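Hi,

Here is the structure I said I would pass on.

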Amino acid sequence: MADSNIEIDEGLYSRQIYVLGVEAMKKMSASNVLIVGLKGLGCEIAKNIILAGVKSVTLYDPQAVEIADLSSQFFLHSEDVGKPRAQVSAPRLAELNQYVPVSVLDKELAPEDLALFKCVVVTDLPLHKKLELGDYAHQNNICFISTEIRGLFGYTFNDFGKQFVVEDTTGEEPLSGMLAGIEQSAEGI
């Protein structure tokens with residue numbers, strides 16, 4: 001089905017349509033997304049993507065829940081310790097939006113598994129595995145996002161393929177500057 005033929009529930013997604021535009025919302029609602037890694041960052045990304053109204057979300061994280069996970073992943077509970085993160089997170093994440101099916105990839109993740117998805121978001125994997133998945137995604141025109149956080153610092157790497165076009169309505173260069181000082185007056189600068 002072409003993106004232009006997709007119907008969007010304007011009552012449910014009116015704020016997003018206002019911010020993103022109809023075309024972007026149609027593209028999003030036609031996307032199957034794979035989230036790899038469900039510690040705090042991966043779960044937050046999954047939550048936001050599910051609320052945004054994509055076509056489907058698949059979760060992959062066979063690692064067992066650890067006590068430390070409870071401090072950053074709010075869909076986990078103390079009784080989940082020792083169980084696979086994706087298995088215990090999926091039903092709780094699915095409750096966020098009844099229109100977005102949430103499933104779990106229950107086998108060892110291989111590059112060819114990415115073929116089922118329009119976008120893959122990877123967190124908490126070793127670099128060699130990220131590179132392997134990223135190469136496959138790039139060769140097969142699958143959007144690939146790799147992201148990590150380490151305390152206050154983090155990074156995001158995006159590869160949306162050779163066909164990706166940035167549609168900038170103003171065409172202006174973004175402004176940048178350096179903060180040199182702050183005034184404490186009523187009309188502070």
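The lining of the second largest pocket is made up of six nonpolar, six charged and three polar residues. Keep in mind while you look around that this is a predicted model. The volume of that second largest pocket comes to about 210 Å³. It is lined by 15 residues, and Tyr60, Pro62, Gln63, Asp124 and Leu125 are the ones closest to its centre.

Next, the aromatic rings. How many aromatic pairs does the count come to? The answer is two aromatic pairs. One that I looked at is Phe74 with Phe75: the ring centres are 4.9 Å apart and the planes sit at 45°, so this pair is tilted. For reference, planes would have to be under 30 degrees apart to count as stacked and over 60 to count as edge-to-face.

Phe74 has a relative accessible area of 46%, so it is partly exposed.

Last stop, a loop. Asn97 is found between helix 4 (85-94) and strand 3 (102-104), in the loop there. With a relative accessible area of 7%, Asn97 is buried. A polar atom of the Asn97 side chain lies 3.0 Å from the backbone nitrogen of Tyr99.

That's what I have for now.

Cheers

Notes
Residues are numbered from 1 along each chain as its sequence is written. This is a predicted model: local features need pLDDT of at least 70, side-chain atom pairs count only at pLDDT 80 or more; totals for chains, interfaces and linings use all residues. Side-chain values use heavy atoms; hydrogens and water are left out. On a 1 Å grid over the protein atoms alone, a cavity is a set of points where a 1.4 Å probe fits but cannot get out, and a pocket is an open set with protein on both sides within 12 Å along at least five of seven lines; lining residues have an atom within 4 Å of a point. Grid points are joined across faces, edges and corners, and a volume is the space filled by probe spheres set on the points. Ala, Val, Leu, Ile, Met, Phe, Trp, Tyr, Cys and Pro count as nonpolar, Asp, Glu, Lys and Arg as charged, and the others, Gly among them, as polar. Rings of Phe, Tyr and Trp (its six-membered ring) pair if their centres lie within 6.5 Å; planes under 30 degrees apart count as stacked, over 60 as edge-to-face and the rest as tilted. Buried means under 20% relative accessible area, exposed over 50%, partly exposed in between (1.4 Å probe, protein chains only). Helices (H or I, at least four residues) and strands (E, at least two) are DSSP runs, numbered from the N terminus. A polar contact is a pair of N or O atoms within 3.5 Å; within protein, one must be able to donate a hydrogen and the other to accept it, and residues adjacent in sequence count only if both atoms are side-chain atoms.
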